[in-house]
Amino acid sequence: MIWEGLKTAFELLVSFDWEIYQIILLSLAISLSATLAAGVPGVLFGILVSIGRFKGKRLVKLLLFTFMGVPPVVMGLVVLLLAVGPLRPFNLVFTRTAMFLAQFLLVLPIIAGSIVISSERTQVRILETATTLGARRRQKVTLLIKETKPFIFMSLILGFSRAIAEVGAVMLVGGNIKGETRVMTTFIAMNTSMGQFGTSIAMGGILLLLAFLIHLSLSPFRRDFYG
Amino acid sequence: MKRRFLSLLVVLTLAIVLTGCRGERLTIVTTTSLENSGLLEEILPHFEAEYGIRTRVVAVGTGAALEMGRLGQADILLVHDESLEQKFMDEGYGALRKTFMYNDFLLAGPEVLAVASLEEALGKIHEGLLFYSRGDDSATHARERRLWETYGYEIDGFGSWYKETGQGMGPTLNMAAVSAGYTLTDRATYLSMRENLDIGIAYENPDAMDLMNPYSVIKVSAAIRGDSGEKASTFYAWITSPATVELIGRFRVDGEQLFKPWED
């Protein structure tokens with residue numbers, strides 16, 4: 001079955017069926033843009049929580065870590081309810097924008113949380129050193145971002161992995177509409193429910209291949225990570 | 001404390017694993033529409049009590065149900081697509097097949113289509129009302145395509161008012177409801193979801209042959225499934241028996257009859 005799936009994957013790719021390519025491109029576009037868009041506020045929030053000394057920090061971290069585990073389907077449901085309720089005038093139901101929004105919200109706590117988990121101590125140490133050395137505020141910020149770079153990179157990778165792999169949210173808010181909101185994961189879920197396991201495993205293989213290629217193309221730029 | 005937590009985890013894992021492999025059950029693979037209707041929950045306890053055979057029900061689309069049958073993962077199939085069923089039998093995967101009950105398809109949507117016939121209803125939708133097609137090669141999807149074709153429409157030329165969801169009946173009805181669209185649905189799924197959804201019957205005609213929806217039972221060939229003893233045969237004989245068919249006819253949801261006994 002899996003071997004046949006690989007053959008089907010190859011056939012899908014070389015058939016140059018526009019529908020297949022459209023599905024792949026849409027997956028990449030939505031998940032990449034959602035990750036990058038969530039990256040800015042997510043990283044900032046993550047750093048603020050890491051270095052901040054405030055009342056209720058424990059609670060903020062607990063909540064942040066909890067939201068890292070929100071099931072995509074629940075996030076999809078929340079966005080869908082918003083779209084049919086208060087956000088009705090924006091006509092978001094079963095659109096790509098809604099898919100972007102759901103993934104954005106899904107990935108945000110993952111990016112922020114993983115930065116806190118991985119580099120809170122490093123950041124605090126850097127800040128202390130910079131302060132003893134008499135660095136100015138702006139220098140501190142640049143230093144912090146520079147030294148946290150590998151962790152930022154990791155958090156973005158984590159966020160993107162979550163986004164590209166999830167099916168629950170995009171299925172609910174996008175609706176898997178042919179030619180409009182169908183992405184790789186909903187395509188796989190659909191074909192599986194139709195009993196077309198070969199096509200499903202083929203698309204699964206393509207998804208993994210894409211992830212591999214993305215890492216491969218990133219690896220020269222981040223030797224600290226891949227070296 | 002830590003150790004106690006760990007041992008609790010181990011016990012829980014064991015419990016889950018062990019309950020998973022307790023006893024051999026009769027595996028019935030069925031369509032989501034049948035599962036949604038609640039019919040099986042109503043009638044299966046009768047079967048289990050009478051014969052002491054435990055069952056488990058897996059609900060997927062008709063296409064996937066037949067595929068699971070081909071892979072030897074089902075004893076019994078309850079499906080509703082005559083041409084796919086026939087193909088399954090012709091390929092030698094099924095030992096026995098019989099149509100045992102039916103209901104009908106209807107158009108669900110935000111407003112009643114004030115029309116005299118199915119042809120006019122489709123015409124009105126074709127003028128540009130939002131329509132959700134299952135788009136998943138299910139029995140309902142196949143029927144919907146056939147209806148369009150029967151009345152002279154080319155689906156390939158439809159505009160963006162025609163949306164293929166590639167999902168099951170429940171999700172598709174749901175999508176139609178939240179975005180004021182129309183869709184073709186079987187009556188059982190519609191009735192089971194009516195209460196929760198803001199959607200009504202746009203067009204129905206229980207007497208139209210076009211909209212008839214017959215369900216069949218298939219006993220998967222022992223050569224494919226392996227020998228399940230007499231269990232599968234017992235079930236097949238039971239569900240096609242006059243007593244069971246009468247039980248099915250008595251099944252009501254909100255006072256409405258969902259399935260009618262099939263008479264040859």
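This is a predicted model: local features need pLDDT of at least 70, side-chain atom pairs count only at pLDDT 80 or more; totals for chains, interfaces and linings use all residues.
**View 1. Chain B as a whole, with its helices and strands.** Welcome to chain B, where you can pick out 12 helices and 12 strands. Along the principal axes, the C-alpha atoms of chain B fill a box of roughly 65 × 55 × 35 Å. Of its 264 residues, 40% count as buried. When contacts in chain B between residues at least 6 apart in sequence are considered, 77% join residues at least 24 apart.

**View 2. The two domains of chain B.** Domain 1 of chain B is written in two pieces, 19–103 and 214–261, while domain 2 of chain B covers 104–211.

**View 3. Where domain 1 of chain B touches domain 2 of chain B.** Here 16 residues of domain 1 of chain B are in contact with 15 residues of domain 2 of chain B. On the domain 1 side, look for α2 (32–37) and α4 (62–70) of chain B, each of which supplies at least two residues. The largest share of that side, 4 residues, comes from α2(B). By class, the domain 1 side has 10 polar residues, along with 3 nonpolar and 3 charged ones.

**View 4. The contact between chain A and chain B.** Chain A brings 12 residues to this contact, and chain B brings 18. On the side of chain A that touches chain B, you will find 6 nonpolar, 4 polar and 2 charged residues.

Methods. Residues are numbered from 1 along each chain as its sequence is written. Chains are lettered from A and ligands numbered from 1 in the order in which they are written. Domain bounds come from an automatic or database domain assignment. Two residues are in contact if their C-beta atoms, placed from the backbone, lie within 7 Å. Ala, Val, Leu, Ile, Met, Phe, Trp, Tyr, Cys and Pro count as nonpolar, Asp, Glu, Lys and Arg as charged, and the others, Gly among them, as polar. A residue is buried if 20 or more other C-beta atoms lie within 10 Å of its own, exposed if 12 or fewer, and partly exposed in between; C-beta atoms are placed from the backbone.
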